[in-house]
Each structure stands twice: as structure tokens, then as C-alpha cells.
Amino acid sequence: MKTKEINEIDSAALEVLRSTGIDVLEAALVAKEALECGRGRVRRARECVRLGAEEMRKRERTVTFAKAVETALEDRKRKGLRARSIVDFRYLCKRMMKMNPGLGERRVRSVTSEDCRRYLETAFGGSAAQYRKARAILSGVFSTAIRHDWCDSNPVTRVEVPEVVEKPIEPLTIEEVERLEAAAQLPEHQEMQLSLHLMLYCGIRPTEVSRIDPERDIDWQNQRVVVRPTTSKTGGGRVVPLRCGNIDALRHDIPRRWVQRWRALRKAAGWSKETAHPWRQDVCRHTFATYHAAHFRNFAALQLEMGHRDSSLLRTRYVYAGKTNEASALRYFRV
């Protein structure tokens, strides 16, 4: 077999391939693949190589999901995220990583929308409300990663938001309200009288009550409470009438260790695990809304006092007319 002569150009090409430090044949195969990607055109082949190199740099310029979570949390702390929201953020992210082994070490640039859907379903598939909250937090983690140039897009935007069907909450009966008020009269619980009134007769959420500063936020003379944006759960301020015949009886500070004091008051009134009579979340706020609607018959005013953007939630979740009538509403507001 006759060996083909190697000319000067071929010889120079071999020297170039040898200078790569890898097997000449392997180097030639890589060059052939680049030309095939470029459809036989050198300029196009070089563009393929350039784009491929750029994509490789992007893949290397990223961090793990755990690192992205840590950075996102620190960013939110600097922006003044509330302590309760920080706890939720940390808990939901930890649960996602616990229920999805390997997620913490996964590079954020490689995570797809389908991955996100699977992570959320595995960790929170049993609760639509938690799924929605976790989805929002996961989206925030990827938004932070984008700002740091750790990924190019947010895969969570393609994950559907599950619909949450709100279930009506049955309000407290007048007798149950009276039990709470009687417990608040006990010497060891008197400091909670103002807090209880704000929840029952102003519809203010427990977390909001714990942030109220009576000296700053309560206009005693005009009998109204200012729920400031920094106090409100939703970040929107509102003004609520302070409906009370004996205003002096409410002049208390909001006590320290508020959560424990509120739990102790409920227990003294008969709500505890030991008595198999569990407390219903948001029931004071719902009780206020229910009796307010039955007595005042003014959804626009109730919407403003509750701090809702519209009345849809009032009509589906908070207003439970089954056991409420005008007589009980009159008794509730003591008019």
C-alpha cells in the first residue's frame, strides 16, 4: 500500500494537534465533530465551539441549591423580613431538601421546571396551601440566583399554582366568647384583656396583636386602633374602631412572651389538647367577621376593617351564617 506524502500544511496541522497535549487522533476527531456541527463550514464550526465554551462557563459559574437558599435568606434578612417569615422560609426549604435527597447539592443552573414540580409535590403534595407557599419561596430562591448570575431563568414560573379551596370556619358561640372573657378576668390573665378584645371585637390577627404598641397605635380618645403596615401580616395598614363601653378596662400593655400567654388564656377557658377541645386557627377573627356581618350588614365596612382587598374571602371563608342570627349578634356587640 502506497503511503500518501505529507505536505508542509499537513505537517503543520499535525504539529498543531500534537501541541494540544492529547492524542493526535482524538484531537482530529474533536475537530471533525466541530466541523460536522458547523455543517462543513469553518466559521460556523468556530461559532459552535465558542457557544459551547460559553455554556460550559455558565455551568461552572453556579452554586448548590443549599447555597442559593442561604443567600436568598440572608438577602431577605437585610431587607427586614419578619421573624415569623424567616422561620417559614427556613422550614419550608429544609423540608424540601429533606424530602428530596440530593437537592441541597444540586446545581441551581441544572434544575428544570419538572424538577421543581417534583420537589414541591414530594414535600407538600398533601397540602395545597403549603404547596403554594413553598412554591413562592422556591421562586424567590431562583430569583436570587438569577441576580447573582448563578442561573439564567426561573424554572418555577412554569410550575402551576394549585387552587386552594377555602373552607368555612365555624365561629365561637356566645357562650364560648364569654368563657374566654371570664378567663381574662382572672388575676393571672388580666394583662391579656386588651389582646383578647383586639382579636374578638376588632378582627386583628394574633400575630398583629402581638406587635401592637398601645401607646403609639391606639387612639384612646377617638376609640380606634391603627394597624400599621409594619404591624400588618399583609403589609397594608388599616384603622379599626375600638368598640368598648368601658375603655379604661382595656388600658393594658401587650405582655411579653405573648404567644405563651395567649395559649395559657385559651387553656384556662377550656381549650387544650388534654380536654380534647382543640383551638381553631383564626377563629377569633372569623367570629368578629361573622357577627359583624350579621349585625351591621355592611360588607364594605367589614372588608376595610379586616384589611381585605375584596370581599370574596369574606363570603367564602369567614362568614358562616349557620349558627348566627341578629339576636346573638346584638348580644356579641352588647348593643
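Start with the surface display: the protein chain has an accessible surface of about 20400 Å² (Shrake-Rupley method, 1.4 Å probe), and 52% of that belongs to carbon and sulfur atoms. What you have open is a predicted model, where local features need pLDDT of at least 70, side-chain atom pairs count only at pLDDT 80 or more, and totals for chains, interfaces and linings use all residues. Residues are numbered from 1 along each chain as its sequence is written, and side-chain values use heavy atoms, with hydrogens and water left out.

Now switch to cartoon view. You'll find 16 helices and 3 strands; these are DSSP runs (H or I, at least four residues, for helices; E, at least two, for strands), numbered from the N terminus. Of the 335 residues, 38% count as buried, meaning under 20% relative accessible area with a 1.4 Å probe, protein chains only.

**Stop one: the largest core**

Select Leu 172, Leu 198, Leu 200, Val 225, Leu 242, Trp 262 and Tyr 332. They have the most contacts inside the largest nonpolar core, which has 44 residues. Such a core is a set of buried Ala, Val, Leu, Ile, Met, Phe, Trp, Tyr and Cys residues joined through side-chain atoms within 4.5 Å. Elements that each supply at least two of its residues include α8 (174–185), β2 (224–227) and α16 (326–333).

Zoom in on Leu 198. Which residues is Leu 198 in contact with, leaving aside neighbours within four places in sequence? Colour Gly 203, Ile 204, Val 209, Ile 212, Val 225 and Leu 242; contact means heavy atoms within 4.5 Å.

**Stop two: α5 and α6**

Show residues 83–99 (α5) and 113–124 (α6). Their axes (lines fitted to C-alpha atoms over the stretch in contact) come within 9 Å and cross at roughly 100 degrees, on a scale from 0 to 180 degrees between N-to-C directions. The two helices are therefore roughly perpendicular, the label for 65 to 115 degrees. On the α5 side, pick Leu 92, Arg 95, Met 96 and Met 99; on α6, take Tyr 119, Leu 120, Thr 122, Ala 123 and Phe 124.

**Stop three: α9 and α13**

Finally, select α9 (193–202) and α13 (283–296). Their axes are 6 Å apart, at an angle of about 45 degrees. Here Met 199, Leu 200, Tyr 201 and Cys 202 of α9 meet Cys 284, Arg 285 and Phe 288 of α13.

Conventions. Buried means under 20% relative accessible area, exposed over 50%, partly exposed in between (1.4 Å probe, protein chains only). Angles under 35 degrees count as roughly parallel, over 145 as roughly antiparallel, 65 to 115 as roughly perpendicular and the rest as oblique.
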